[in-house]
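Colleague: I have just opened this one and could use a guided look. Can we go through it together?
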Amino acid sequence: MAHGNGPNGLAVVQVALGALGRFDHEHAAVYFQIVYNALREPMRRALEALIMERQTEGKATFPPFAQQLIERGRIEGIREGKLEGIREGILEAKRDALLRLVARAGIALTADHRERIQACTDPATLDRWLDNALEAKSASDVLS
């Protein structure tokens with residue numbers, strides 16, 4: 001774990017994973033997860049690529065659980081990415097709606113006002129501003 005992210009990290013990780021073959025499946029899976037979690041993202045990707053390459057060539061020297069754990073991590077990452085995308089989509093829709101309401105009301109926004117709206121990542125604040133925009137007479141009224 002101490003050397004897995006260094007210049008020879010992939011070789012170190014391969015040796016560590018090879019040693020896991022001496023353990024029963026349950027313990028090996030736990031230790032693999034510990035090693036995998038200690039790796040930084042570039043080394044994780046390198047390890048994943050190596051495992052895929054070995055499996056494709058029919059030279060899989062890693063225990064099957066290694067691939068299963070990596071796939072599970074990928075699926076969880078995809079789920080998290082989708083949720084983050086949905087959250088960002090909601091924020092973007094609220095920002096767009098706010099800008100449209102303000103424009104419809106004939107309220108002029110400065111570049112700073114627009115930047116503040118675009119930078120807002122709090123849904124509650126955007127909701128408050130949307131409500132304010134319905135009766136606002138100025139940008140200050142909207143963004144209060």
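Colleague: Is Arg95 buried or exposed?

Modeller: Arg95 is buried, with a relative accessible area of 3%, where buried means under 20%, exposed over 50% and partly exposed in between, using a 1.4 Å probe and protein chains only. Please keep in mind that this is a predicted model, in which local features need pLDDT of at least 70 and side-chain atom pairs count only at pLDDT 80 or more, while totals for chains, interfaces and linings use all residues. Residues are numbered from 1 along each chain as its sequence is written, and side-chain values use heavy atoms, with hydrogens and water left out.

Colleague: Which residue does Arg95 form a salt bridge with?

Modeller: Its partner is Glu88, with the closest N and O atoms 3.1 Å apart; a salt bridge here is a side-chain nitrogen of Lys or Arg within 4 Å of a carboxyl oxygen of Asp or Glu. Glu88 is partly exposed at 34%, and a network of salt bridges links Glu88, Glu92 and Arg95.

Colleague: And what about Glu84 and Arg87, how do they meet?

Modeller: Their side chains form a salt bridge at 3.3 Å, N to O, and because they sit 3 residues apart in helix 4, about one helical turn separates them. Helices are DSSP runs of H or I with at least four residues, and strands are runs of E with at least two, numbered from the N terminus.

Colleague: Changing topic, how many helices and strands are there?

Modeller: The chain has 7 helices and 0 strands, and 31% of its 144 residues count as buried.

Colleague: What is in the largest nonpolar core?

Modeller: That core has 16 residues, and those with the most contacts inside it are Leu98, Val102, Ile117, Trp129 and Val142. Helix 4, helix 6 and helix 7 each supply at least two of its residues. By nonpolar core I mean a set of buried Ala, Val, Leu, Ile, Met, Phe, Trp, Tyr and Cys residues joined through side-chain atoms within 4.5 Å.

Colleague: Which residues does Val102 touch?

Modeller: Leaving aside residues up to four places away in sequence, Val102 touches Ile107, Leu109, Ala133 and Val142, a contact being heavy atoms within 4.5 Å.

Colleague: Last one, where is confidence lowest and where is it highest?

Modeller: Confidence is lowest in helix 3, residues 41-56, at a mean of 76, and highest in helix 5, residues 111-119, at 96; pLDDT is the predictor's confidence in each residue, from 0 to 100. The mean pLDDT of the chain is 83.
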